[in-house]
Amino acid sequence: MLEVVTNSPEETRALGRKVGESLKGGEVILLHGDLGAGKTLFTKGVAQGLGASGKTAVVSPTFTLVNVYEARLDIVHVDLYRLGFDEVFELGLEDYMDREHVMVVEWAEKAEGFFSGALLEVNFQYEGETSRRITMETGGLELDLELFGRPCP
Ligand code: ADP
Ligand code: MG
């Protein structure tokens, strides 16, 4: 497990960028943490790290639950905040679980057990107005990720 404290929104975004740069395809990044903890900001960093150009597709009948961003590897950004466990199955996320995509899921705990494979779990904890404690855990995922001089285990 890797644990860092970021002291500004920019540091959290930079952390996401580092992660994005190290992705190889097929990874699923599960984000946990309260509203305002920094999950979306981190995701923007990941997209930046993958060289995302802009939003290219929105897949949702009523409001935006799944966004796809075109990049070195296409990024599938999912926010499960408003969903129940059963509804997660209706999103058709299986279609995106391949080597050409990476998936980033906010409120991943809503679908505990649904995601499998190359998982990276990231926890965001509010520490202070501008600081967040961020822990990352890989489950069988090999990331060439060096953060603050230390390799990510
Ligand atoms: P979430 O998606 O988890 O609800 P957001 O990324 O949308 O959270 O929002 C995080 C908010 O917290 C932003 O307004 C951001 O400016 C602020 N913030 C302050 N300090 C930090 C930090 N160290 N890391 C991330 N966000 C921070
Ligand atoms: Mg968010």
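1. Trp 107 is buried in this predicted model, with a relative accessible area of 13%; buried means under 20% relative accessible area, exposed over 50%, and partly exposed in between (1.4 Å probe, protein chains only). Trp 107 belongs to the loop between β6 and β7 (118-128). Its phi is near 60°, a positive value in a residue other than glycine. Most residues other than glycine have a negative phi.

2. Conventions are as follows. The model is predicted, so local features need pLDDT of at least 70 and side-chain atom pairs count only at pLDDT 80 or more, while totals for chains, interfaces and linings use all residues. Residues are numbered from 1 along each chain as its sequence is written, chains are lettered from A and ligands numbered from 1 in the order in which they are written, and side-chain values use heavy atoms, with hydrogens and water left out.

3. The chain holds three helices and ten strands; helices (H or I, at least four residues) and strands (E, at least two) are DSSP runs, numbered from the N terminus. The order from the N terminus is β-α-β-α-β-β-β-α-β-β-β-β-β. Of the 153 residues in the chain, 46% are buried.

4. The magnesium ion (ligand 2) is coordinated at 2.2 Å by Thr 40 (OG1) and Glu 106 (OE). This pair links distant parts of the chain, since Thr 40 sits in helix α2 and Glu 106 in strand β6 (residues 101-106), 66 residues apart. Donors are N, O and S atoms within 2.8 Å of the metal (3.2 Å for Na, K and Ca); water is not among the atoms, so sites may look incomplete. Thr 40 is partly exposed, at a relative accessible area of 35%, whereas Glu 106 counts as buried at 3% relative accessibility.

5. Glu 106 also has protein partners to report. Its side chain and that of His 77 are joined by a polar contact of 2.8 Å. A polar contact is a pair of N or O atoms within 3.5 Å; within protein, one must be able to donate a hydrogen and the other to accept it, and residues adjacent in sequence count only if both atoms are side-chain atoms. His 77 lies in strand β5 (residues 74-79) and is buried at 10% relative accessibility. Leu 30, in strand β2 (residues 27-32), is 76 residues from Glu 106 in sequence but 6.6 Å from it in space, C-alpha to C-alpha. Leu 30 is buried, with a relative accessible area of 5%.

6. Ligand 1 has 17 residues around it, of which Thr 12, Gly 36, Lys 39, Thr 40 and Leu 41 come nearest; a residue is near a molecule or strand if one of its heavy atoms lies within 4 Å of it. A polar side-chain atom of Thr 12 is 2.5 Å from a nitrogen atom of the ligand. A polar backbone atom of Gly 36 lies 2.7 Å from an oxygen atom of ligand 1, and one of Thr 130 lies 3.1 Å from a nitrogen atom of ligand 1.

7. The largest pocket contains about 230 Å³ of space. On a 1 Å grid over the protein atoms alone, a pocket is an open set of points where a 1.4 Å probe fits, with protein on both sides within 12 Å along at least five of seven lines; lining residues have an atom within 4 Å of a point. The lining has 19 residues, with Gly 36, Ala 37, Gly 38, Lys 39 and Thr 40 nearest the centre of the pocket. The largest share of the lining, three residues, comes from α2.

Definitions and conventions
Grid points are joined across faces, edges and corners, and a volume is the space filled by probe spheres set on the points.
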